[in-house]
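Here is a short briefing on one protein model. Look at the fold before reading on.

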Amino acid sequence: MSEDKINRRKYLKYAGAAVAVGAIAAAGYGISQYSQQPAPTTTTPGPTTPTTGKKKLKIGTTKPLTGAEAILGRNELNGTLLWEKMVNEAGGIKAGDGNTYEVEMVYYNDENLPENVGRFFEKLIVEDKVNYLFGPIYGPLGMATVPVVMRYEQLEFYGTASYDPNQWQDEFGEYVVHVCTNGNAYLRSMMDMIMDYIVPELDPDAKNIAIIHGDDIFRNTAGVGGMEYAKEKGVNVVVYEKYHTGATDLSPILSKIKAAKPDVTILLTGGAYQDAILITKQLKELDINLKLFFPGTGTVTHEWYDAVQPYGDYVLTITQWEPGVKYPVNYGPSHDEYISRYTQEYGQEPEYASAIGYTQGLALQMAMEKCPDPLNPRALRETVRKEVEFIGFYGHFKTDEHGIQIGHKVVVMQWQNGKKMCVWPPQVANSELLYPMPKWSER
Amino acid sequence: MSLELLAQTIINGLFIGFLFGLAGMGLTIIFGVMKIINFATGAMIMLGAYVGYWTYTYWPYSAIPGIIVSVGVGFLFGILVYQVLVRRLIGKPLLTTLLVLFGLTSILENSMLNLWSPNPRSIPIDFPTYSYGLISISTSRVFVSIMAIVATILVLAVFKYTTFGRIIRAVIQDKIAATLMGVDVNRVYTLGFSLGVTLTFLAGALLAMVYPFEPFGGLPYALMAFVVVVLGTLGNPVGCLFAGLIIGTVHSFVGSYWTLNMSPAVAYLIMIITFLLRPQGLMGKKE
């Protein structure tokens with residue numbers, strides 16, 4: 001037996017082992033990929049001496065204050081802390097039981113790790129004895145809260161758009177109130193824009209679209225929900241395809257779309273940030289000239305725009321909220337007041353996560369004001385379900401019987417000369433939709 | 001219409017196949033010379049991409065300087081890694097190699113995370129695309145393919161026509177005899193490992209021109225490189241390139257005519273079938 005033969009066998013054996021280890025590594029990838037040095041958990045000092053005559057309302061939360069989602073986590077927390085400050089400055093929450101409650105936030109850094117979220121939520125409930133919980137931004141972290149609040153029958157104001165409606169449809173609504181537009185409704189505003197504006201006024205062929213999406217929980221619910229809504233709205237889905245989130249090459253799927261041309265006029269994608277770059281580059285490389293496209297939620301960032309230069313303009317994006325999108329507010333601070341206070345407090349403009357953080361507080365505040373038994377999670381849940389509806393600077397807030405957000409809608413933005421302009425819905429649009437996109441060769 | 005999709009599918013597959021082939025070539029050369037499996041291939045591909053990207057940020061007019069710098073850094077990095085780590089792994093159990101090089105992977109990935117943040121990067125260079133009916137050919141892909149072919153030819157030329165190549169082949173055939181003939185095996189190993197790492201960095205720098213990348217994004221490419229090495233015969237650069245083209249084309253066909261989700265599964269199935277039916281790979285002779 002030659003040395004070479006021995007080595008080849010060993011190689012094959014260890015190559016197999018490498019693939020197996022690689023698969024294990026891939027499984028742990030989502031957890032490990034962006035985690036940074038663990039930082040010590042912190043809590044706010046909170047008001048040390050409760051004001052006489054006021055009761056204390058303790059609210060617990062975790063946020064990813066380090067790791068890949070640290071910026072969003074910090075922003076969401078800042079939004080909540082600003083709400084806490086403004087409420088206490090105004091004298092606290094005058095609740096439906098006749099008492100006034102001063103808010104005290106208790107929070108921990110979950111380090112962007114779902115396992116920490118579960119642990120800290122348990123600690124918040126059992127040791128810190130908080131009255132209510134605010135969920136963290138970022139899908140996997142939000143999902144990790146649900147089993148804990150269900151087990152302890154607590155009430156949480158959810159802080160992200162990812163959830164699995166098939167898994168928790170019934171039980172979920174008993175313990176969780178959604179603040180964001182849910183993942184399964186993410187593509188609805190786009191469909192509405194296509195069928196209520198583009199098709200009747202600009203282009204009858206625009207109802208022929210393609211939907212592709214990643215297979216992680218958020219993108220899957222966004223894509224499947226988009227597909228279902230497309231059928232409901234009469235949109236003609238010419239190509240529908242799911243791919244593994246993080247796929248390194250999407251040219252086979254995009255070639256399918258090209259082969260379906262000229263039927264496909266608009267491409268909507270539930271894709272991650274990296275997918276949004278990949279799709280934009282490969283559409284251009286394959287010279288697929290669509291009239292509009294939305295390559296994924298990552299398009300909301302300036303980093304995406306820079307990465308695909310000079311082809312970022314005309315591309316659609318969606319967001320829960322953006323500065324400049326103004327609603328007729330009937331509860332809480334106005335758009336300008338919120339932005340002014342936030343900028344004064346933190347030295348920078350708020351973004352969508354900050355708005356979610358503030359609105360978590362605002363929704364709880366209205367529920368407390370209307371509920372006769374405001375420290376009872378079930379009673380408060382019923383109040384949210386039946387009586388809490390308002391228009392804040394973040395938009396319309398209203399939930400259905402499952403706690404799912406049905407009032408708020410994501411807004412459709414379009415990159416125009418390097419700026420994101422709101423083009424849908426018409427009530428808050430600040431620019432006309434540029435349609436159709438020019439061909440790649442003409443840009 | 002279907003003929004055009006067929007043609008586009010083949011073109012897409014060949015283009016990505018060249019990248020798979022190049023990534024596998026670095027792996028197969030290192031194994032061929034010193035019987036070490038470079039389990040840090042994925043992280044090294046990403047590092048090559050980041051070096052190309054980083055150079056581009058200083059010289060945003062062309063991708064060529066980035067490729068040159070990446071190749072140079074790859075060569076020096078290969079020497080460093082060999083002298084500090086890999087030299088001590090020769091003759092050790094393969095499990096030791098696996099653990100040490102996975103450790104290196106973790107160090108590299110987290111270093112890239114701290115240096116360049118977790119945000120995916122992409123080199124925004126505008127290459128023209130030429131269309132013939134519904135078939136489109138991107139010049140960036142053509143450029144990547146030509147670079148892969150040139151790299152293969154250069155590697156083969158070095159192996160076949162230079163003194164260094166003859167020495168490498170002598171070490172591969174019989175290390176003890178080569179040592180007795182006065183060959184400095186440690187030096188050959190150093191250069192052999194560096195050559196493999198250089199090709200890996202080159203694959204990364206070329207990848208950065210067409211795909212977005214991030215610090216932990218090397219794993220899918222590394223797994224494909226393993227598949228390509230097994231299919232193309234261990235230690236055979238030409239086999240690697242052909243295997244890359246086969247796997248790339250299969251990936252493209254599965255994605256276009258079935259579902260992209262099954263593409264990695266089909267590639268691993270091909271690897272398993274190769275293990276079972278032709279363990280010596282496509283270009284190897286039965287022993």
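How many salt bridges are counted between domain 1 of chain A and domain 2 of chain A? The count is zero. A salt bridge here is a side-chain nitrogen of Lys or Arg within 4 Å of a carboxyl oxygen of Asp or Glu.

This is a predicted model, in which local features need pLDDT of at least 70, side-chain atom pairs count only at pLDDT 80 or more, and totals for chains, interfaces and linings use all residues. Residues are numbered from 1 along each chain as its sequence is written, chains are lettered from A and ligands numbered from 1 in the order in which they are written, and side-chain values use heavy atoms, with hydrogens and water left out.

**Domains and their contact**

- Chain A is divided into domain 1 (54–181 + 325–397) and domain 2 (185–319 + 411–442); the bounds come from an automatic or database domain assignment.
- The C-alpha centres of the two domains of chain A lie 31 Å apart.
- Domain 1 of chain A gives 11 residues to the contact and domain 2 of chain A gives 10 residues; contact means heavy atoms within 4.5 Å.
- Together the two domains of chain A bury about 790 Å², with 74% of it on carbon and sulfur atoms. Buried area is the accessible area (1.4 Å probe) that two parts lose on being put together, summed over both.
- On the domain 1 side, Ser162(A), Thr181(A) and Val325(A) lose the most area to domain 2 of chain A, together 45% of what that side buries.

**The six-stranded sheet**

- Six strands of chain A form an open, mixed sheet in the order S2-S3-S1-S4-S5-S6. Helices (H or I, at least four residues) and strands (E, at least two) are DSSP runs, numbered from the N terminus. Two strands pair if DSSP finds at least two bridges between them.
- The edge strands are S2 (93–94) and S6 (176–178) of chain A, and each pairs on one side only.
- S1 (residues 54–63) and S3 (residues 100–109) of chain A are parallel, with 10 bridges; Thr61(A) has Tyr107(A) as its bridge partner in S3(A).
- S1(A) also pairs in the parallel sense with S4 (residues 132–134) of chain A, over three bridges.
- Helix H2 (residues 70–89) of chain A lies across S1, S2, S3 and S4 of chain A, at about 160° to S3(A). Axes are lines fitted to C-alpha atoms, for helices over the stretch in contact, and angles run from 0 to 180 degrees between N-to-C directions.

**The three-stranded sheet**

- S11, S14 and S15 of chain A form an open antiparallel sheet, in the order S11-S14-S15.
- S11 (316–319) and S15 (419–424) of chain A each have a single partner strand, so one side of each is left without a neighbour in the sheet.
- The twist averages 40° from one strand to the next.
- Helix H6 (residues 188–202) of chain A packs on this sheet, touching S11, S14 and S15 of chain A.

**Backbone points to check**

- The Trp424(A) to Pro425(A) peptide bond is cis, with omega near 0°.
- The Tyr435(A) to Pro436(A) peptide bond is cis too, with omega near -5°.
- Lys129(A) has a positive phi, near 50°.
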